[in-house]
Each structure stands twice: as C-alpha cells, then as structure tokens.
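Here is a brief report on aromatic rings and their contacts. Please look at the structure first.

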Amino acid sequence: MTQKEIVPMDAIRVRFAPSPTGSLHIGGARTALFNWLYARKTGGVFVLRLEDTDTERFIAAAAEGIFSTLRWLALGWDEGPDKGGPFGPYAQSERKPLYTAEAQRLLEAGSAFRCYCTPDELAQHREEVRKRGEVARYSGRCRHLTEDERRAKEEQGIRPALRIAAPAEGTTVVTDLVRGEVSFDNRASFDDYIIMKSNGMPTYNFACVVDDHTMGITDVIRAEEHLSNTPKQIIVYHALGYPLPRFAHVPMILAPDRSKLSKRHGATAVEEFREQGYLPEAILNYLALLGWSPGDEREVMGIEEIVSMFSLDSVSKHAAIYDVKKLTWINAQYLSNLPIERVVETVLPFFQARNLVSDQPATQEMEYAIRVIDAVRSRIHTLVELADASAYFFSADFSYDEKGVRKHFTKEGVAQVLTRGREALARVEPFTLEETEKAYREVIGGMEISGGALIHPTRLALSGRTVGPGLFDIIVILGKEKCLARLDRAIAFVNACKA
RNA sequence: GGCCCCAUGGUCAAGUGGACUAAGACACCGGCCUUUCACGCCGGUAACCCGGGUUCGAAUCCCGGUGGGGUCACCA
C-alpha cells in the first residue's frame with residue numbers, strides 16, 4: 001500500500017434533518033439509520049439538524065420527542081442541537097442571519113428577485129392555469145419589476161418573498177449513489193420558486209442547501225421523495241458557488257396498501273412500536289432489511305454486524321412495503337436469544353405498569369421475575385405479550401379460561417384428580433423440577449389415568465390458562481405454597497360448578 | 001396532467017448475459033417433537049408485469065406499453 005492510499009480522504013459527514021412537526025415514524029427512522037450506518041461504516045460524522053423553519057406546523061414537544069426516540073434506538077449523533085458542535089447552531093430557526101446573508105448575495109448577483117405577489121393571487125393564478133389544462137408555474141410577473149414598481153409595492157406595505165431566478169431551459173443532472181445519473185428537464189421540472197418567505201424564513205430547498213454546505217455535509221442521504229427536489233437545490237448550489245455533495249436517495253417505505261405512510265395505517269410511529277413492546281434492536285434490524293440486504297441469507301443480525309456489511313450500493317432502488325409480521329418475528333427472535341439481563345431490563349417497565357413488580361424491586365423479587373421471564377420468553381413476540389403471559393406468576397387474581405374450564409374442569413372425577421395431585425405436591429421435598437414431576441407421575445400411574453388428565457387441569461388451576469411453559473416449570477417457579485393454594489381454589493371451583 | 005423514479009412469490013429480498021428446473025426469510029399449509037402453546041426440525045403452495053428487439057443464449061441489456069410510487073406550496 002502506498003503512502004498516498006493510506007492518507008484518509010476528507011472525513012465523511014452525513015446528517016439526519018427531521019422537522020419537528022410530529023413524532024419519528026419508521027420511514028424517518030430508516031433514513032436516520034442509513035445515515036448513521038454510513039457514518040459508522042466510514043468512520044464519519046453523524047450530524048443531527050432540526051429543520052424548524054415552518055412556524056405554522058411547529059410542535060414544541062416534537063423535537064425532544066424525536067431526540068428521545070433516536071436515543072432509544074441507540075442512533076446517537078456526534079453534533080446536534082442539544083450538544084452543539086463546530087458547525088452550530090443546529091436548528092434552522094437559529095440560523096436566520098446566515099440565510100438572509102446568502103439570499104442577499106443572490107439578490108445582488110441577480111440570481112434572485114423580490115416577488116410581491118400575495119399567496120392568494122398565486123393560488124388564483126394556479127387555479128386559472130390548471131383550468132386551461134396547462135402546467136402551473138410561476139408567471140414571472142415580478143421578475144423584471146422596475147425600481148418604481150417595486151417602490152410602489154413597498155409603499156403599499158407588501159413584504160416581498162424572494163424567488164430564485166431559475167433557468168427555463170436545459171437539463172440538470174443529479175448524480176445519485178443509488179440511482180446513477182438522473183436528468184431533469186429544467187423547464188418542466190421547476191420554476192422561479194421561493195427561497196425566502198415574506199416572514200423572513202427560508203424555505204426548505206434553500207435552507208437545506210445553505211446548511212448542508214456550511215455544515216460540511218459530504219453525503220446527502222435522504223428518502224426518494226426528495227429526488228425531484230434535488231435539481232432545484234442544485235440550482236442554488238450553482239448560484240451560490242457551492243460545490244455539490246454526493247447524493248443518495250434511498251427508497252421509500254410504503255404502507256401495506258402501497259400508499260405513503262400516514263397515521264391511518266395503524267402503528268407507524270417508532271414510539272407506538274415501543275409501547276407495543278418491540279425492542280430497539282429488533283426495529284433497527286428490521287429497518288435495515290427494508291431496502292438493504294447483506295447480499296446473503298443473513299436476517300437476524302446485531303448492529304455491529306450490520307455496520308460491517310453496510311454499503312450504499314447494495315441499497316435497493318424500489319420502495320418497500322413494511323410488514324409488521326416480519327418485524328414481530330424478528331422481535332421474538334431477539335426476545336428469546338438476547339442475554340436474559342437485557343430482556344429483563346426492557347420488560348421491567350411493562351411489568352411495573354401492570355403492578356406485577358414493584359417500582360424498587362428487591363433482589364429476591366428480581367430473581368423471581370428473572371425466572372419467570374426466562375420461562376416465558378421463548379413463546380411470545382412482544383414485551384406486552386411477555387407481561388400478559390407472565391401475569392399469573394405474580395398474582396393469583398385471575399379467572400379460568402372458559403374453553404379450558406369446559407375441557408378440563410367438567411370431566412368426571414376432576415376434583416378427585418386435582419386433590420390427589422395436591423396431596424402429592426404437598427409431600428414433595430425438595431420442591432424441584434425432578435421431584436415434583438416424579439410425584440405427579442406416581443399419581444398418574446396410581447390412578448391409571450393419562451398424563452394429560454392430571455396435567456391439563458393442574459395447568460388451568462395454577463395459571464387459569466391452557467397454554468404456557470412446561471407445567472413443572474410453572475410449579476417450581478410458583479413454589480409449593482402458591483401451588484397448593486391455587487389447587488385448593490380450583491378444587492372448590494370445580495365442586496361449586498357441579499353443585 | 002407535466003416531470004422523475006421503480007417493477008422477481010401476499011411481503012422483504014438474492015440475482016449484474018450461461019452455474020436459474022430462480023436462493024433465503026416472513027406469512028400460510030402439512031408433518032415431527034411435546035402434558036399444552038410456543039420454540040426447534042422436516043416438507044409444501046407461491047414470483048421474473050406485458051410486448052417487441054439485441055444475442056448462440058436474457059430475470060439480467062435496449063425500446064415501447066402497462067402498473068405502482070414520488071413530486072409539482074411563502075410544508076419539509
């Protein structure tokens with residue numbers, strides 16, 4: 001390897017730039033993930049920037065919500081609004097002077113002009129043009145205003161917006177890391193669009209360019225919905241004399257009905273998945289597989305493994321429909337294979353919300369919870385299911401499954417069978433898996449009944465359910481005292497039914 | 001409607017001119033294991049959008065349709 005080859009190229013800098021108008025949805029999370037993966041893979045820097053130039057749609061709590069969701073996903077950033085960095089501030093609302101100055105440069109160079117049309121006028125114009133079946137584009141009426149005309153407008157108190165003087169012919173080519181070269185017909189693709197609103201705030205296509213350049217962003221990785229914005233932005237790059245970054249437009253994530261993701265599609269916010277008991281590891285793993293593949297048969301992969309395999313040129317070009325079923329399967333894989341401590345840690349809040357475990361559990365209480373979790377975790381898919389399937393270990397306050405009652409508590413002689421089981425368990429010492437099972441097998445043999453004839457009613461008596469971990473696991477975890485009490489209760493229940 | 005992108009089973013996907021009688025995963029269906037449900041294991045159903053080219057040969061390259069998606073705001 002020559003000296004030249006080992007000199008690092010300029011560090012990669014990527015950014016995720018959410019708008020604080022709502023919560024982080026899975027599409028945004030996937031974009032953040034790809035940026036993060038690319039930064040980790042290349043040893044680059046991951047920047048978080050807040051695109052909060054829309055004062056109308058701004059939601060005060062949204063930014064903090066997005067930050068905390070990203071943190072929960074463990075997609076940490078190197079520079080951002082909360083922690084600063086050498087290219088701050090990282091919220092667009094705090095960068096107004098920059099946009100104003102750059103817009104001024106454009107104005108002076110004749111690459112931008114003031115527009116005094118009101119939103120109403122523009123909307124009306126669009127309407128008329130569309131009625132005629134023509135393409136609605138800005139008329140250009142303010143592009144060549146004389147000094148006098150402009151002064152007259154100013155005197156009327158009209159605050160102008162700023163428009164870019166865009167080329168009306170030729171083509172603009174976007175070189176994209178995932179799509180190759182995409183060329184746009186300038187005339188048909190955009191017009192003299194607004195770069196500064198009359199309230200002094202920049203619009204997206206302007207602020208984005210100024211920030212990406214001034215923040216030293218080398219690779220703009222974003223969703224495909226921005227592909228058709230890119231030629232417009234390139235116009236600004238050229239007008240301002242900025243060099244172009246590399247662009248990579250990753251495929252969109254669509255709802256199961258093939259439409260763009262929105263609230264009406266059920267859970268789409270990462271927070272909702274969190275509440276439903278999905279692990280961040282599983283969500284990240286699933287999202288990585290949406291639009292990207294390691295190229296072989298691997299599916300369940302830790303984040304480090306994903307980082308090591310990740311590459312933008314193995315990102316697919318077509319949109320992906322997200323499938324909760326597969327996410328759920330991956331989640332189940334993590335729940336049954338992750339170190340038990342990790343599962344315990346994540347499920348604890350779900351247990352506490354159901355008052356299964358106290359807020360400050362003592363060592364003994366935790367040890368019990370761990371045994372329960374370990375017994376249950378391989379047969380559930382989410383933390384919510386895990387908590388539900390564990391409830392009877394913590395509380396005897398449950399009713400019997402109806403079908404189970406019909407099937408196992410109505411048979412002739414059940415009370416007798418349960419009583420014999422109870423007596424056997426009462427005598428077992430030590431109360432271990434082997435000994436309890438041995439005792440039960442003896443009852444089964446002695447009564448000349450099938451194993452199920454004792455086992456099924458006992459399961460129902462102890463848990464209220466017909467499904468769950470192995471019966472003797474349940475018995476041993478619960479302990480002798482609780483088992484006897486629950487069997488007594490069940491025997492009484494069966495007798496009461498008969499009467 | 002203009003512009004742009006995309007197109008392998010229901011879904012995610014491998015595939016970059018011959019190894020394709022098209023991998024793997026989820027889901028679904030069967031079987032095994034088991035005291036139950038899961039897990040696990042074994043097996044099955046199911047796809048190259050259509051039409052033209054190019055080529056000895058096309059899922060793969062080209063063109064045209066069709067379909068889906070995105071975008072056309074003083075939203076981002």
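## A buried ring and its partner

Phe351 is buried, with a relative accessible area of 0%. Buried means under 20% relative accessible area, exposed over 50%, partly exposed in between, using a 1.4 Å probe and protein chains only. The model is predicted: local features need pLDDT of at least 70, side-chain atom pairs count only at pLDDT 80 or more, and totals for chains, interfaces and linings use all residues. Side-chain values rest on heavy atoms, without hydrogens and water.

## Aromatic pairs

Rings of Phe, Tyr and Trp (its six-membered ring) pair if their centres lie within 6.5 Å; planes under 30 degrees apart are stacked, over 60 edge-to-face, the rest tilted. By this rule there are 15 aromatic pairs. One of them is Phe67 with Trp77, a tilted pair at 5.8 Å centre to centre and 50° between the planes. Phe67 lies in helix α3 (residues 62-72) and Trp77 in the loop between α3 and α4 (96-108), so this pair ties together parts 10 residues apart in sequence. Helices are DSSP runs (H or I, at least four residues), numbered from the N terminus. Both Phe67 and Trp77 are buried.

The ring centres of Phe351 and Phe394 are 5.4 Å apart and their planes at 65°, so the pair is edge-to-face. Phe351 belongs to helix α14 (residues 340-353) and Phe394 to helix α16 (residues 383-394), so the pair ties together parts 43 residues apart in sequence.

## Cluster and charges

Ring pairs join Phe398, Tyr400, Phe409 and Phe493 into a cluster. The charged end of Arg489 sits over the ring of Phe398, 4.9 Å from its centre. A charge sits over a ring if NZ of Lys or CZ of Arg is within 6 Å of the ring centre and within 35 degrees of the ring normal. Arg30 lies over the face of Phe34, 4.7 Å from the ring centre.

Note on methods. Residues numbered from 1 in each chain as written. Chains lettered and ligands numbered in written order. Helix = DSSP H or I, 4+ residues; strand = E, 2+ residues; numbered from the N terminus.
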